[in-house]
Amino acid sequence: KSTTKKFLNGKVSIVQVPESQHNNIGAPTVLKNPKLLSPFQFLIEYLSIPKPTEIDPTFFLLFTIPIAYGMIVGDAGYALISILIASIIRKKAKKGGLLYHFSKSWLIGALPTLIFGILYDEYFAFSHAQIIGQRFYEPLVHRVGDVQSLLLYSVLLGWITIAFGFLL
(Lines give C-alpha, C1' and ligand atoms only; values in the text may rest on other atoms or scores of the structure.)
Protein backbone atom coordinates (compact mmCIF):
# COMPACT_ATOMS: atom_id res chain seq x y z
CA LYS A 1 0.00 0.00 0.00
CA SER A 2 2.74 2.46 0.96
CA THR A 3 4.87 1.54 -2.08
CA THR A 4 1.93 2.09 -4.43
CA LYS A 5 1.11 5.49 -2.86
CA LYS A 6 4.77 6.49 -3.05
CA PHE A 7 5.07 5.36 -6.69
CA LEU A 8 1.92 7.30 -7.69
CA ASN A 9 2.89 10.38 -5.62
CA GLY A 10 -0.07 9.93 -3.29
CA LYS A 11 -2.61 10.31 -6.12
CA VAL A 12 -4.33 7.02 -5.27
CA SER A 13 -6.76 5.91 -2.62
CA ILE A 14 -6.48 2.30 -1.49
CA VAL A 15 -9.28 0.83 0.61
CA GLN A 16 -9.52 -2.78 1.77
CA VAL A 17 -13.01 -4.08 1.07
CA PRO A 18 -14.36 -6.88 3.27
CA GLU A 19 -15.08 -10.15 1.48
CA SER A 20 -18.79 -9.88 2.25
CA GLN A 21 -18.96 -6.79 0.03
CA HIS A 22 -17.51 -8.41 -3.08
CA ASN A 23 -19.95 -11.30 -3.59
CA ASN A 24 -18.21 -13.66 -1.13
CA ILE A 25 -15.97 -14.89 -3.97
CA GLY A 26 -12.87 -15.03 -1.80
CA ALA A 27 -9.28 -14.32 -2.63
CA PRO A 28 -8.07 -14.68 -6.21
CA THR A 29 -6.94 -18.14 -7.22
CA VAL A 30 -3.33 -18.74 -8.16
CA LEU A 31 -2.82 -21.87 -10.26
CA LYS A 32 0.53 -23.63 -9.82
CA ASN A 33 1.07 -26.70 -11.98
CA PRO A 34 4.10 -28.53 -13.42
CA LYS A 35 5.45 -27.34 -16.79
CA LEU A 36 3.86 -30.31 -18.58
CA LEU A 37 0.43 -28.92 -17.66
CA SER A 38 1.14 -25.35 -18.83
CA PRO A 39 -0.92 -25.55 -22.07
CA PHE A 40 -3.89 -26.94 -20.17
CA GLN A 41 -3.49 -24.39 -17.37
CA PHE A 42 -3.47 -21.73 -20.08
CA LEU A 43 -6.79 -23.15 -21.33
CA ILE A 44 -8.29 -23.09 -17.81
CA GLU A 45 -7.14 -19.49 -17.32
CA TYR A 46 -8.63 -18.54 -20.68
CA LEU A 47 -12.02 -20.12 -19.90
CA SER A 48 -12.50 -19.47 -16.18
CA ILE A 49 -10.20 -19.58 -13.19
CA PRO A 50 -11.62 -21.86 -10.49
CA LYS A 51 -12.74 -20.30 -7.22
CA PRO A 52 -10.60 -20.94 -4.12
CA THR A 53 -13.14 -23.53 -2.96
CA GLU A 54 -13.08 -25.44 -6.28
CA ILE A 55 -10.66 -28.09 -7.54
CA ASP A 56 -8.12 -27.10 -10.18
CA PRO A 57 -9.13 -29.23 -13.22
CA THR A 58 -5.87 -28.68 -15.12
CA PHE A 59 -4.44 -32.11 -14.26
CA PHE A 60 -7.57 -33.87 -15.52
CA LEU A 61 -7.44 -32.02 -18.84
CA LEU A 62 -4.02 -33.59 -19.41
CA PHE A 63 -5.83 -36.89 -19.91
CA THR A 64 -9.29 -36.08 -21.22
CA ILE A 65 -8.40 -33.70 -24.07
CA PRO A 66 -5.53 -35.75 -25.59
CA ILE A 67 -7.45 -39.04 -25.29
CA ALA A 68 -10.57 -37.56 -26.89
CA TYR A 69 -8.43 -35.99 -29.63
CA GLY A 70 -6.61 -39.29 -30.15
CA MET A 71 -9.89 -41.20 -30.47
CA ILE A 72 -11.23 -38.69 -33.00
CA VAL A 73 -8.18 -38.46 -35.27
CA GLY A 74 -6.87 -41.99 -34.67
CA ASP A 75 -4.39 -42.16 -37.53
CA ALA A 76 -0.73 -42.97 -36.84
CA GLY A 77 0.45 -41.22 -40.01
CA TYR A 78 -1.37 -38.01 -39.12
CA ALA A 79 0.01 -38.30 -35.58
CA LEU A 80 3.59 -38.35 -36.89
CA ILE A 81 2.90 -35.31 -39.10
CA SER A 82 1.25 -33.60 -36.11
CA ILE A 83 4.30 -34.27 -33.95
CA LEU A 84 6.56 -32.80 -36.62
CA ILE A 85 4.46 -29.66 -37.26
CA ALA A 86 3.74 -29.05 -33.56
CA SER A 87 7.47 -29.36 -32.77
CA ILE A 88 8.36 -26.83 -35.47
CA ILE A 89 5.68 -24.38 -34.29
CA ARG A 90 6.75 -24.82 -30.67
CA LYS A 91 10.37 -23.97 -31.54
CA LYS A 92 9.39 -20.89 -33.57
CA ALA A 93 6.61 -19.54 -31.32
CA LYS A 94 7.18 -17.05 -28.53
CA LYS A 95 7.54 -18.99 -25.28
CA GLY A 96 4.48 -18.56 -23.10
CA GLY A 97 2.29 -17.23 -25.92
CA LEU A 98 -0.95 -18.64 -27.30
CA LEU A 99 0.70 -20.38 -30.26
CA TYR A 100 3.35 -21.92 -27.99
CA HIS A 101 0.72 -23.39 -25.65
CA PHE A 102 -1.41 -24.55 -28.58
CA SER A 103 1.54 -26.36 -30.17
CA LYS A 104 2.48 -27.95 -26.86
CA SER A 105 -1.06 -29.27 -26.29
CA TRP A 106 -1.14 -30.46 -29.93
CA LEU A 107 2.13 -32.30 -29.36
CA ILE A 108 0.75 -33.97 -26.23
CA GLY A 109 -2.47 -34.86 -28.11
CA ALA A 110 -0.49 -36.43 -30.95
CA LEU A 111 0.80 -39.22 -28.68
CA PRO A 112 -2.62 -40.78 -27.97
CA THR A 113 -3.42 -40.22 -31.65
CA LEU A 114 -0.43 -42.39 -32.54
CA ILE A 115 -1.59 -45.10 -30.11
CA PHE A 116 -5.18 -45.03 -31.39
CA GLY A 117 -3.88 -45.01 -34.96
CA ILE A 118 -2.02 -48.24 -34.29
CA LEU A 119 -5.06 -49.72 -32.51
CA TYR A 120 -7.33 -48.69 -35.41
CA ASP A 121 -4.66 -49.82 -37.93
CA GLU A 122 -4.79 -46.50 -39.77
CA TYR A 123 -1.75 -44.98 -41.45
CA PHE A 124 -2.75 -42.05 -43.65
CA ALA A 125 -6.16 -43.79 -44.03
CA PHE A 126 -4.55 -47.07 -45.15
CA SER A 127 -4.02 -50.26 -43.13
CA HIS A 128 -0.50 -51.48 -42.54
CA ALA A 129 -1.25 -54.49 -44.80
CA GLN A 130 -2.11 -52.14 -47.69
CA ILE A 131 1.16 -50.25 -47.22
CA ILE A 132 3.65 -53.11 -46.72
CA GLY A 133 1.73 -55.96 -48.33
CA GLN A 134 1.60 -58.24 -45.30
CA ARG A 135 -0.72 -58.33 -42.26
CA PHE A 136 1.02 -58.38 -38.87
CA TYR A 137 -1.96 -57.71 -36.62
CA GLU A 138 -5.72 -57.18 -36.58
CA PRO A 139 -6.98 -53.76 -35.52
CA LEU A 140 -8.69 -53.55 -32.15
CA VAL A 141 -11.54 -51.49 -33.63
CA HIS A 142 -12.50 -51.15 -37.27
CA ARG A 143 -13.57 -47.51 -37.48
CA VAL A 144 -15.59 -47.97 -40.64
CA GLY A 145 -16.89 -51.49 -40.05
CA ASP A 146 -17.48 -51.25 -36.30
CA VAL A 147 -19.00 -47.81 -35.82
CA GLN A 148 -21.33 -49.00 -33.04
CA SER A 149 -18.44 -50.11 -30.82
CA LEU A 150 -16.59 -46.87 -31.45
CA LEU A 151 -19.70 -44.85 -30.56
CA LEU A 152 -20.12 -46.95 -27.41
CA TYR A 153 -16.49 -46.28 -26.38
CA SER A 154 -16.94 -42.56 -27.05
CA VAL A 155 -20.18 -42.37 -25.06
CA LEU A 156 -18.57 -44.33 -22.20
CA LEU A 157 -15.58 -41.98 -22.15
CA GLY A 158 -17.92 -38.98 -22.13
CA TRP A 159 -20.07 -40.49 -19.38
CA ILE A 160 -17.05 -41.32 -17.23
CA THR A 161 -15.66 -37.80 -17.70
CA ILE A 162 -18.95 -36.15 -16.73
CA ALA A 163 -19.50 -38.50 -13.77
CA PHE A 164 -15.95 -37.85 -12.56
CA GLY A 165 -16.52 -34.10 -12.89
CA PHE A 166 -19.70 -34.31 -10.80
CA LEU A 167 -17.88 -36.48 -8.27
CA LEU A 168 -15.16 -33.87 -7.88
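Mentor: Here we talk through helix packing, salt bridges and a surface patch.

Trainee: What kind of model is it, and how are residues numbered?
Mentor: It is a predicted model, where local features need pLDDT of at least 70, side-chain atom pairs count only at pLDDT 80 or more, and totals for chains, interfaces and linings use all residues. Residues are numbered from 1 along each chain as its sequence is written, and side-chain values use heavy atoms, with hydrogens and water left out.

Trainee: Okay, helices. At what angle do α2 and α3 pack?
Mentor: About 105°, with the axes 9 Å apart. Helix α2 covers residues 38–47 and helix α3 covers residues 58–73. Helices here are DSSP runs of H or I, at least four residues, numbered from the N terminus. Axes are lines fitted to C-alpha atoms over the stretch in contact, and angles run from 0 to 180 degrees between N-to-C directions.

Trainee: So parallel or perpendicular?
Mentor: Roughly perpendicular. That word covers 65 to 115 degrees; under 35 is roughly parallel, over 145 roughly antiparallel, and the rest oblique.

Trainee: Which residues make the contact?
Mentor: From α2, F40, Q41, L43 and I44. From α3, T58, L61, L62, I65 and P66. Contact means heavy atoms within 4.5 Å.

Trainee: Which residues of α2 are buried?
Mentor: S38, P39, F40, Q41 and I44. Buried means under 20% relative accessible area, exposed means over 50%, and partly exposed is in between (1.4 Å probe, protein chains only). The buried residues of α2 pack against α3 and α5.

Trainee: Let's look at α5. Is S103 buried or exposed?
Mentor: S103 is buried, because its relative accessible area is 0%. S103 lies in helix α5, residues 98–120. Leaving out residues up to four places away in sequence, S103 touches A86, I89 and R90.

Trainee: New topic. How many salt bridges are there?
Mentor: A search of the whole structure finds 3. A salt bridge is a side-chain nitrogen of Lys or Arg within 4 Å of a carboxyl oxygen of Asp or Glu.

Trainee: Which residue does E122 pair with?
Mentor: R143, with the closest N and O atoms 3.1 Å apart. E122 lies in the loop between α5 and α6, and R143 in the loop between α6 and α7, so the pair ties together parts 21 residues apart in sequence. E122 and R143 are both buried.

Trainee: And what does R135 do?
Mentor: R135 meets D121 in a salt bridge at 3.7 Å, N to O. R135 also meets E138, at 3.5 Å, N to O. Shared partners join D121, R135 and E138 into one network.

Trainee: How exposed is each of them?
Mentor: D121 is buried, with a relative accessible area of 4%. R135 is partly exposed, at 43%. E138 counts as exposed, at 54%.

Trainee: Last one. What makes the nonpolar surface patch?
Mentor: Y78, I81, L84, I85, I88, F124, F126, I131, I132 and F136, giving about 980 Å². Patch residues have over 30% relative accessible area and no salt bridge; like charges are joined within 9 Å, nonpolar side chains (Val, Leu, Ile, Met, Phe, Trp, Tyr) within 5 Å. Areas come from the Shrake-Rupley method with a 1.4 Å probe, and for residues only the protein chains shown count as cover.

Trainee: Which helix gives the most?
Mentor: α4, with 5 residues.

Trainee: And where is F136?
Mentor: In the loop between α6 and α7. F136 is exposed, with a relative accessible area of 58%.

Methods:
Helices (H or I, at least four residues) and strands (E, at least two) are DSSP runs, numbered from the N terminus.
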